[in-house]
Amino acid sequence: MTTITRRPEARRLPAHARPNRGRRRSWVTITLFVLPALALFLLLVVAPIVVAVYASGFKWNGFGGLPTDFIGFDNFTRLLESEIFFTDMWHLLVLVLLCLVVQLPMALGIAMLLNQRIRGRAIYRLVFFSPYVLSEVITGVLFSLILSPTSGLANGILGLVGLESDFLADQDTALMSLFVVMTWKYFGFHMMIYLAGRQNIPNELLEAARIDGATGWEVFRHVTLPLLGPTIRISVFLSVIYTIQLFDLVWILTEGGPAHSTETLAVTMFDIGFGRSQVGYASAISVVMFVLSLVFALGYQRFVMRRDLEGATTAMGDTR
Amino acid sequence: MKRPTLPLHAIAWIVGAFILIPIVYAVLGGFKDTSQLSTNPFGLPSPWETGNYTEVLAAGSFWRQMWNSTFIAVLTTIVTVSLSAMAAYVFARFAFRGRELLFTVFTAGLMFPFAVAILPIFVMLRTLGLVDNAWGVILVQAAFGLPLTIIILRGFFRSIPGEIEEAATLDGCGPFAFFWRILLPMARPALATVSVLAIVGSWNNFMLPLVVFSDEASWTLPLGIQQFQGQYSSDTSRILAYLVLAMVPALGFYAVAERHLIGGLTAGATKG
């Protein structure tokens, strides 16, 4: 009897960590085991972000130790007065909305489709996910060739029905073209998350709904979709966080052009920081990206994922 | 209950075509020369030109980039996984004041966009003389890989029953021996998962090598591809051949490690 009641306690506190056995020795272990990771993390993750925040208050070209030419919030006012900042923010908004309205519903639909018993679904799954493992550079270079206005495959196909376009070379279509490439590369990732989420829903629930006379759509709308809620909220979260720092694909495809029509915050930051060595000003853009991510992450977790977090943390230890 | 699956197959085929046509185009395009590519973009190559592929394979730069990418990916994985495993062990199986706070510090790292840190990191690496040094990339990648790896491993370590640890302690096993001889061997599936994530992340990384490596000798595959495109911009079929050869390791690795990759990504997504 006592072993049963003590079990959870024993699980959390291994013998050598209990107060009666070598407390000092366990502190030595704790320090030795955590310190390397902590040191690396503080030095290369936390410190650079602190430095970025600090440098954003200076006019600095990145040379000669720490910056000295303090200019207060001038970098931020300059950023807020620049047109490019609002262009970047607009692109962020457009890309996030497109993800929410096109990419994620498509991924969800395909996930539901592949959850049916159709022949070859393992192969479909393998194929749909495969672009995710190719690097952004491979994807970007491949599509810059395919979308080339003169010799690309896309115009070769669309030309048959008279729908040629300049894609990335035209500032009216460049952002859309970028989004198509993003969808090609990332929808499989979201599809996989949805598939995993769907498999955690007990089939009994869906069968019960069906026995009660619900149609396929009604089962999806009123049973599957609500139960997929936490999964969907996480995939939305990842999409937004990713889009805030979007860089690689854009840099390879267009470098932000033509005429800034695909530029993102990260591309502007990179261009100003590395291209023009205005490290202080570029750091201000970094800080904006950081604050955007942080505010979004905290706000989203507070208001949208609140209901899911409890489940997620308690499930953590038990999933395997 | 049997429903017609034809419309489902039709949708799957359309999506499959959207995904596969670019890849097939690249593979076939590599076997054409550039004039064939413009006169005959869709069809099979005739004749099949193998020259693009063999010339890329014969060039030393491709193999050097492959080696650099491999070297960096392997060392990044070793550093990330070993440091994370040690920290995750403490977070999972020791009770001490400040544990949750410390753990939260690491998990907060998931929210730090890498792009935010790139400028200070570059300045720091330049000050330390780590520009054009593979360790500059390895250590930074490892540092940014810690949060997710620690979260996944801690979850796994927690799921190992306390009775096993008690039995080991009774048999005279200290915390180090328990970690090394019992916990790590038991955690092999989780270690494989996080290793696969680290390898793929490192293999595909572009932004960091882009700023750290200026010397061609230290370029990784993504840098090489980007530069190759610039150098042979008019020779599309040759670039396609280079792309296809660069895809092979990634797709091959995916074929071998699919289960771990997807398991890790979905676990990371649902736990992060």
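How many Å separate the centres of domain 1 of chain B and domain 2 of chain B, taken over C-alpha atoms? The notes below answer this in point 2, after a word on confidence, and it should be kept in mind throughout that the model is predicted.

1. Confidence in chain A. The pLDDT of chain A averages 84, and 88% of its residues score at least 70. Among the elements of this chain, helix H1 (residues 2–12) of chain A has the lowest mean pLDDT, 42, while helix H12 (residues 248–253) of chain A has the highest, 94.

2. The domains of chain B. The domain assignment of chain B gives domain 1 (1–49) and domain 2 (61–271), and the centres of these two domains, taken over C-alpha atoms, are separated by 34 Å. Where they touch, the contact takes eight residues from domain 1 of chain B and seven residues from domain 2 of chain B. On the side of domain 1 of chain B that touches domain 2 of chain B, helix H1 (6–29) and helix H2 (34–39) of chain B each supply at least two residues, with the largest share, three residues, coming from H1(B). The residues of that side divide into three nonpolar, three polar and two charged.

3. The contact between the chains. Chain B contributes 83 residues and chain A contributes 81 residues to the contact. On the side of chain B that touches chain A, helix H13 (residues 236–271) of chain B gives the most, with 16 residues. Sorted by class, that side of chain B has 61 nonpolar, 16 polar and six charged residues.

4. A pair of helices in chain A. Two packed helices are described by the angle between their axes and the distance between the axes. The axes of helix H4 (residues 83–115) of chain A and helix H8 (residues 174–199) of chain A come within 7 Å and cross at roughly 45 degrees, which means that H4(A) is oblique to H8(A). The crossing in which H4(A) passes H8(A) is right-handed. As for the residues of the contact of H4(A) with H8(A), they divide into 18 nonpolar, five polar and one charged.

Technical notes:
Residues numbered from 1 in each chain as written. Chains lettered and ligands numbered in written order. Predicted model: local features only at pLDDT ≥ 70, side-chain atom pairs only at ≥ 80, totals over all residues. Contact = placed C-beta atoms within 7 Å. Helix = DSSP H or I, 4+ residues; strand = E, 2+ residues; numbered from the N terminus. Nonpolar A, V, L, I, M, F, W, Y, C, P; charged D, E, K, R; others polar. Axes fitted to C-alpha atoms, helices over the stretch in contact; angles between N-to-C directions. Parallel < 35°, antiparallel > 145°, perpendicular 65-115°, else oblique. Left-handed = near helix turned anticlockwise from the far one by under 90°. pLDDT = per-residue confidence, 0-100. Domains from an automatic or database assignment.
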